[in-house]
Amino acid sequence: MKETLLQVDGMSCPSCIRHIDSALGQLAGVEKVEVKLREGTVLVRHDASSAPLPALVDALRDAGYESRPHAA
Ligand SMILES: [Cu+2]
């Protein structure tokens with residue numbers, strides 16, 4: 001398992017948390033999703049082989065959110 005911090009654009013309200021939680025949570029290989037609305041970040045605990053970074057980004061894009069790995 002790997003932890004990836006994503007910077008996600010356009011998260012503005014509590015329903016965004018639910019959308020993002022379900023978009024990522026439905027992927028096989030995602031174990032935990034932690035949305036920080038104020039920071040605009042999402043911490044994802046995931047299996048890097050069954051749910052690699054591009055799969056996370058694609059799932060978020062399908063849900064209407066652009067994202068990228070958070071700059072350290
Ligand atoms: Cu919202």
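Helices (H or I, at least four residues) and strands (E, at least two) are DSSP runs, numbered from the N terminus. Two strands count as paired if DSSP finds at least two bridges between them.

With that in hand, let's look at the model, which is predicted: local features need pLDDT of at least 70, side-chain atom pairs count only at pLDDT 80 or more, and totals for chains, interfaces and linings use all residues. Residues are numbered from 1 along each chain as its sequence is written, and side-chain values use heavy atoms, with hydrogens and water left out.

Start with the hairpin made by S2 and S3, which has four residues between the two strands. Gly40 sits in that turn and has a positive phi of about 70 degrees. One of the bridges links Val35 to its partner Val42 in S3.

Now zoom out. The open sheet has four strands in the order S2-S3-S1-S4, with antiparallel pairing. S2 and S4 (67-69) are the edge strands, each pairing on one side only. On average, neighbouring strands here are turned by 25 degrees against each other, direction ignored. (Axes are lines fitted to C-alpha atoms, for helices over the stretch in contact, and angles run from 0 to 180 degrees between N-to-C directions.)

| Pair | Sense | Bridges |
|---|---|---|
| S2 (residues 30-36) and S3 (residues 41-46) | antiparallel | six bridges |
| S1 (residues 2-8) and S4 | antiparallel | three bridges |

In S4, Pro69 is the bridge partner of Leu6.

What about the helices? Contact means heavy atoms within 4.5 Å. H1 (residues 14-25) lies across S1, S2 and S3, at about 160 degrees to S2. H2 (residues 53-62) lies across S1, S2, S3 and S4, at about 35 degrees to S1.
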